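Open the model in your viewer and keep the sequence panel beside it. The stops below are given in the order in which to select them.

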Amino acid sequence: MNEHNTEVSGYAPLAKLLSTITDTLEETFGTSYSAFQVDEHIFDLWTIFEEDVKSESHELTHVAQIFEHLGEYTFEYEEGAQIPKYRVHRAYANQVFAYHHDGVAFAQIPIFSEASVFYMHAVFASNQEAMSAFLTTVRERMWNKSKNEILLLKDSDEGLSQEYQAISKDVTRDEVILEDFIKREIYRSLDQFFQADRSFF
């Protein structure tokens with residue numbers, strides 16, 4: 001198929017961007033990379049990737065910025081830290097990063113429309129074995145996270161969002177997503193339990 005077919009709106013510039021990213025990865029590491037479809041694992045992959053960007057992991061290399069004039073750094077409020085504060089770190093969006101020893105790379109690619117910009121999550125690997133091994137590592141790290149953190153699903157103005165929080169952190173009743181009747185019944189039972197002698201028998 002002709003990847004520069006202009007009948008498919010927006011495909012030609014995206015194909016060119018993907019090609020430029022894989023060329024840059026090959027020039028940087030001396031190994032060819034190709035894009036992988038990872039929709040089923042995207043949340044786990046991106047959770048670990050964002051964690052490593054924030055912690056400035058030595059396993060992760062910043063390879064390139066995709067568009068020159070879009071932001072290179074971002075910041076966030078570390079509410080769960082011992083002393084809550086704002087922290088600056090490299091942006092995920094518009095950047096290419098690589099786990100060069102693992103042969104896996106990440107890019108959050110800006111896609112422009114007339115009204116807005118949205119971002120496509122892209123994952124690249126040097127071969128199938130590299131991707132498979134990396135997914136095994138991600139699965140192990142997510143399992144370890146589950147021992148100390150809980151996955152919260154939040155209903156926000158932007159839709160359903162997912163995030164991990166330390167198990168010790170309080171979750172307000174408003175943040176619990178359940179049918180109102182079921183939620184009232186659960187909390188009524190919990191309130192009665194804690195107001196009584198806290199014994200099940």
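Begin with D52, which counts as buried because its relative accessibility is 5%; buried means under 20% relative accessible area, exposed over 50%, and partly exposed in between, with a 1.4 Å probe and protein chains only. D52 sits in helix 2, residues 42–55. Helices (H or I, at least four residues) and strands (E, at least two) are DSSP runs, numbered from the N terminus. Show the surroundings of D52: leaving out residues up to four places away in sequence, D52 touches S57, L60, Y99 and R141, where contact means heavy atoms within 4.5 Å.

This is a predicted model, in which local features need pLDDT of at least 70 and side-chain atom pairs count only at pLDDT 80 or more, while totals for chains, interfaces and linings use all residues. Residues are numbered from 1 along each chain as its sequence is written, and side-chain values use heavy atoms, with hydrogens and water left out.

Now zoom out and colour by secondary structure. The protein chain has 4 helices and 9 strands, and from the N terminus their order is α-β-α-β-β-β-β-β-β-α-β-β-α. Of the 201 residues in the chain, 25% are buried. Among contacts with a separation of 6 or more, 52% join residues 24 or more positions apart.

Next, select L45, F49, F106, V123, M131 and F134. Within the largest nonpolar core, which has 18 residues, these touch the most other members. A nonpolar core is a set of buried Ala, Val, Leu, Ile, Met, Phe, Trp, Tyr and Cys residues joined through side-chain atoms within 4.5 Å. Two or more residues each come from helix 2, strand 5 (95–99), strand 6, strand 7 (117–125) and helix 3 (128–148). Helix 2 provides the largest share, 5 residues. Another core of 14 residues lies apart from this one, and V63, V96, A107 and I111 are among its members.

Beyond its neighbours within four places in sequence, L45 contacts V38, F106, V123, M131, F134, L135 and V138. F134 belongs to helix 3 and is buried, with a relative accessible area of 6%.

Move to Q108 in strand 6, residues 104–112. Is Q108 buried or exposed? Its relative accessibility is 11%, so Q108 counts as buried. A polar atom of the Q108 side chain lies 3.0 Å from the backbone nitrogen of A93. The Q108 side chain also makes a polar contact with the side chain of H121, at 3.3 Å. A polar contact is a pair of N or O atoms within 3.5 Å; within protein, one must be able to donate a hydrogen and the other to accept it, and residues adjacent in sequence count only if both atoms are side-chain atoms.

Finish on the surface with F75, in strand 3, which counts as exposed because its relative accessibility is 56%. Strand 3 (73–78) and strand 4 (85–90) each supply at least two residues of a nonpolar patch, and strand 3 gives the most, 3 residues.
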